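My entries follow the structure.

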Amino acid sequence: MTLAGAGLLALTAGPAEAAPLDKYRWKRRLLLVFAPVKPHPNLVVQRQRLKEAADGLKEREVTVIEVVQDSVFVDGKLAIELNAKNLRKQFDTTIVEFNVVLIGKDGAEKLRRDEAVQVSDLFKTIDSMPMRQQEMRQRGQKT
């Protein structure tokens, strides 16, 4: 199975499991950041990179979901409706791994890294997506 297929499967696994993420489909891109502990070096770096790129994330309609230990945060706010264990299972990562997973608006996995992702790589991946190309044309931006 391809990564894209695995991501799509993860978002359509079952109504009870997928329902919390389904609300984002066709509306937002998801950047899931999985870390075993809060002071994890890759998590610290990823947070800083994302903070510095806040305007670009907003423009690209990206919601950041952090799964740290047993907690889930959506755009920095605790999300009690999301279950860390279920998200790790859906996205095939363990509690001891660091992973960054980009999910497109279509629900398919677009990018996966086991270290903090460079914002330029993230934006390049997003900007190459057909839906993003369409968004940029509609906004009169250069594609």
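Entry 1, pocket lining. I began with the lining of the largest pocket and found that helix H3 gives the largest share, 4 residues. The model is predicted, so I kept to its rules: local features need pLDDT of at least 70, side-chain atom pairs count only at pLDDT 80 or more, and totals for chains, interfaces and linings use all residues. Residues are numbered from 1 along each chain as its sequence is written, and side-chain values use heavy atoms, with hydrogens and water left out.

H3 (41-52), helix H4 (54-59) and strand E2 (62-68) each supply at least two lining residues. I noted a volume of about 310 Å³ for this pocket. Of its 14 lining residues, the closest to the centre are Leu 50, Val 64, Glu 66, Asp 75 and Gly 76. A pocket is an open set of points on a 1 Å grid over the protein atoms alone, where a 1.4 Å probe fits, with protein on both sides within 12 Å along at least five of seven lines; lining residues have an atom within 4 Å of a point. The volume is the space filled by probe spheres set on the points, which are joined across faces, edges and corners.

I sorted the lining into 5 nonpolar, 2 polar and 7 charged residues. Asp, Glu, Lys and Arg count as charged; Ala, Val, Leu, Ile, Met, Phe, Trp, Tyr, Cys and Pro as nonpolar; the others, Gly among them, as polar.

I counted 13 salt bridges, each a side-chain nitrogen of Lys or Arg within 4 Å of a carboxyl oxygen of Asp or Glu.

Arg 47 pairs with Glu 66, closest N and O atoms 2.7 Å apart. Arg 47 lies in H3 and Glu 66 in E2, so the bridge ties together parts 19 residues apart in sequence. Arg 47 is partly exposed at 31% relative accessible area, whereas Glu 66 is buried at 12% (buried is under 20%, exposed over 50%, partly exposed in between, with a 1.4 Å probe and protein chains only).

I found Glu 135 bridged to Arg 29 at 3.1 Å. Glu 135 is in helix H7 (130-138) and Arg 29 in strand E1 (29-35), 106 residues apart. Both are buried, Glu 135 at 8% and Arg 29 at 1%. Glu 135 also bridges Arg 132 at 3.8 Å, and Arg 132 is buried at 0%.
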